Amino acid sequence: MKIITTPMCEDILRLSNVEEYEVVTVDRISDADVVITLSETDVDIPKIPVKLNTYTQLLDSINSISERFNTVCDEEKINLIKSLIEDNDKNKYKREDIKVKVYSNFLTDTVEDMGFFITDDDYDYVVVPDYMKDEVDEAENMIIVPSHKNVSFDIIKRINKRYQLLESKLCMKQ
């Protein structure tokens, strides 16, 4: 079976211990039995969609890929992700009164998972991906979050950096 993936999703295959695959750019997705790629990516071949915006999505995606290809996950990394989920869950109550306006689906997933209150009215902060910063009118209390081109390909580091950035910027108010 020929499996392909994109650079942003390669780490999920490593963590799932899938050994045989090819990494291609999004514009070169073709000629394979299946592609593992982000859920929002449109492709013309069979796809296994993954979501990689939160720790829980990451864990679910690893488990899904591992089940599909009958592999054994990297247990050390799985335990690390579970620990990060627990740490995040313990701190949600501290964040629930902070009102945040969010631009983009991937950041909505993250901000929501962290426990912040998402609203379009009477918000304390605006969270924007770096590729949209020039399109947003609200300049006050804007937090710009690195997206695709400005992040690590290591998925755990990528998610962790975003959580840490949002935690440090959004919780300054308290």
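Q: Why is Tyr-163 called buried?
A: Buried means under 20% relative accessible area, exposed over 50% and partly exposed in between, with a 1.4 Å probe and protein chains only. The relative accessible area of Tyr-163 is 5%, so Tyr-163 is buried. The model is predicted: local features need pLDDT of at least 70, side-chain atom pairs count only at pLDDT 80 or more, and totals for chains, interfaces and linings use all residues. Residues are numbered from 1 along each chain as its sequence is written, and side-chain values use heavy atoms, with hydrogens and water left out.

Q: What makes Tyr-55 buried or exposed?
A: Tyr-55 has a relative accessible area of 3%, so it is buried. Other buried residues of helix 2 include Leu-58, Ile-62 and Phe-69.

Q: How do you know that the length of helix 2 agrees with its number of residues?
A: Helices (H or I, at least four residues) and strands (E, at least two) are DSSP runs, numbered from the N terminus. The expected span is 1.5 Å times one less than the number of residues. For the 15 residues of helix 2 this gives 21 Å, and the end C-alpha atoms are 21 Å apart, which agrees.

Q: What makes the charged end of Arg-68 sit over the ring of Phe-69?
A: The criterion is that NZ of Lys or CZ of Arg is within 6 Å of the ring centre and within 35 degrees of the ring normal. The charged end of Arg-68 is 5.7 Å from the centre of the Phe-69 ring and sits over it.

Q: Why are strand 6 and strand 8 called edge strands?
A: Two strands pair if DSSP finds at least two bridges between them. Four strands form an open, parallel sheet in the order 6-5-7-8. Strand 6 (117-118) and strand 8 (142-145) each have a single partner strand, so one side of each is left without a neighbour in the sheet.

Q: How do you know that strand 5 and strand 7 pair?
A: Strand 5 (residues 99-102) and strand 7 (residues 125-129) share three bridges in the parallel sense, and at least two are required.
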